[in-house]
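Take a moment with the sequence and the 3D structure.

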Amino acid sequence: MCGYCGCQELAAIAELTAEHDAVVTLSGQVRRALATGDLDAAADGARSIGAVMTPHTAVEEGALFPAMEGEFGEHVQRLLGEHRLVEAVLAESVEGTPTDPTWPQRMGEMLDLLREHILKEEDGVFPAALTVLEPAQWERMATLRAQVGTHALVATSADR
């Protein structure tokens, strides 16, 4: 997490970052499960990541990314593409432990992508949002967050 621009002082960014923190923690658990061959635990972890990502992605794609697309269109499109890749691999575990023998490797690769994605958002998108978003766009983020909530695994900004 960066600390140089002050974006973490905004509730909308603090909530997105808290979700990133939860995903990073869960990713470590999934990596350890994959390393020991415990595919059931890895699939459980993947479902937990998906549960955190659902409201997170809704806020980013419903409010943050549209507000930034005018100035950072190509970057936003790459981030959206990464969301689809992450969702596709996570979706394979929704019904249980995947039986595809390539799933563990693809899960590991997706976790690498997800970590890079998080860094792009925290070191680039979130600080840039301070200069790009107008008050109505921040309000849209707050309204959408109130609608979609957050996952119970995520500490709220007041808990930090």
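**Two helices side by side**

Helix H2 and helix H4 (residues 135-148) pack at an angle of about 165°, and their axes lie 9 Å apart. Axes here are lines fitted to C-alpha atoms, for helices over the stretch in contact, and angles run from 0 to 180 degrees between N-to-C directions. Angles under 35 degrees count as roughly parallel, over 145 as roughly antiparallel, 65 to 115 as roughly perpendicular and the rest as oblique. H2 and H4 are therefore roughly antiparallel to each other.

Which residues of H2 and H4 make the contact? From H2 come Pro 55, Ala 58, Val 59, Gly 62, Ala 63, Leu 64 and Ala 67. H4 brings Gln 137, Arg 140, Met 141, Leu 144, Arg 145 and Val 148. Contact means heavy atoms within 4.5 Å.

This is a predicted model: local features need pLDDT of at least 70, side-chain atom pairs count only at pLDDT 80 or more, and totals for chains, interfaces and linings use all residues. Residues are numbered from 1 along each chain as its sequence is written, and side-chain values use heavy atoms, with hydrogens and water left out.

Now step back to the chain. It has four helices and zero strands. Along the sequence the pattern reads α-α-α-α. Helices (H or I, at least four residues) and strands (E, at least two) are DSSP runs, numbered from the N terminus. Of the 160 residues, 44% count as buried. Buried means under 20% relative accessible area, exposed over 50%, and partly exposed in between (1.4 Å probe, protein chains only).

Next, look inside. In soluble globular proteins, nonpolar side chains tend to be buried together. A nonpolar core is a set of buried Ala, Val, Leu, Ile, Met, Phe, Trp, Tyr and Cys residues joined through side-chain atoms within 4.5 Å. The largest one has 22 residues, and Ile 49, Trp 103, Met 107, Met 110 and Leu 114 touch the most other members. Helix H1 (11-36), helix H2 (39-91) and helix H3 (103-132) each supply at least two residues of this core. H2 gives the largest share, nine residues. Apart from this core lies another, of 21 residues, including Ala 63, Met 68, Ala 128 and Val 132.

Finally, find Ser 48, in helix H2. Is Ser 48 buried, partly exposed or exposed? Ser 48 is partly exposed, with a relative accessible area of 25%. Its C-alpha atom is separated by 9.5 Å from that of Ala 22, 26 residues apart along the chain.
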